[in-house]
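My entries follow in the order I made them.

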Amino acid sequence: MRYITFIIMALLAITFNLTQCHTSDTSVRIIDETCQDGEPLSCYTMALRFEAGEGVEFSMAQASAFYELACSSNHQASCIRLAEIYSQALGVPRDLQRAQS
């Protein structure tokens, strides 16, 4: 059910054009709430937004935290990106042990 809610909200956000601040703020809030409810795709989406500075202030630390949440639910793309971030020290201290786990 959460996945369906996420998809519907994502389609609405696209429909209402994410370049508008209000819509972007709303979509970020909804995606964040869905992530906090345990939907790994939403956590991955939040990570991508923080990494790109899309609708939120750029922050690799925040992106890493959201990738970590998604990875802990076995979202493979998040795990791969998190490993890259830790191995290349992209906004976080280099941690080869975490990159390999």
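Entry 1. I looked up T45 and found it buried, because its relative accessibility is 17% (buried is under 20% relative accessible area, exposed is over 50%, and partly exposed lies in between, with a 1.4 Å probe and protein chains only). T45 sits in helix α3 (helices are DSSP runs of H or I of at least four residues, numbered from the N terminus). I also checked T45 against Y67: the two are 22 residues apart in sequence, and their C-alpha atoms are 8.9 Å apart in space.

Entry 2. A note on the source: this is a predicted model, in which local features need pLDDT of at least 70 and side-chain atom pairs count only at pLDDT 80 or more, while totals for chains, interfaces and linings use all residues. Residues are numbered from 1 along each chain as its sequence is written, and side-chain values use heavy atoms, with hydrogens and water left out.

Entry 3. How many salt bridges does the structure hold? I found three (a salt bridge is a side-chain nitrogen of Lys or Arg within 4 Å of a carboxyl oxygen of Asp or Glu). Side chains of opposite charge can pair when their charged atoms come close.

Entry 4. I took R29 and E33, which form a salt bridge with their closest N and O atoms 3.3 Å apart. Both residues belong to helix α2 (residues 21–36), and because they are four residues apart, about one helical turn separates them. R29 is partly exposed at 44% relative accessibility, and E33 is likewise partly exposed at 41%.

Entry 5. Next I looked up R81 and E51, whose side chains meet in a salt bridge at 2.3 Å, N to O. This pair links distant parts of the chain, since R81 is in helix α5 (residues 76–88) and E51 is in helix α3 (residues 40–52), 30 residues apart. Buried or exposed? R81 counts as buried, at 19% relative accessibility, and E51 counts as buried, also at 19%.

Entry 6. I then followed R81 to E84, and these two form a salt bridge with the closest N and O atoms 2.8 Å apart. Both lie in helix α5, three residues apart, which is about one turn of the helix. E84 is partly exposed, with a relative accessibility of 31%.

Entry 7. Which residues are linked in a network of salt bridges? I noted E51, R81 and E84.

Technical notes
Helix = DSSP H or I, 4+ residues; strand = E, 2+ residues; numbered from the N terminus.
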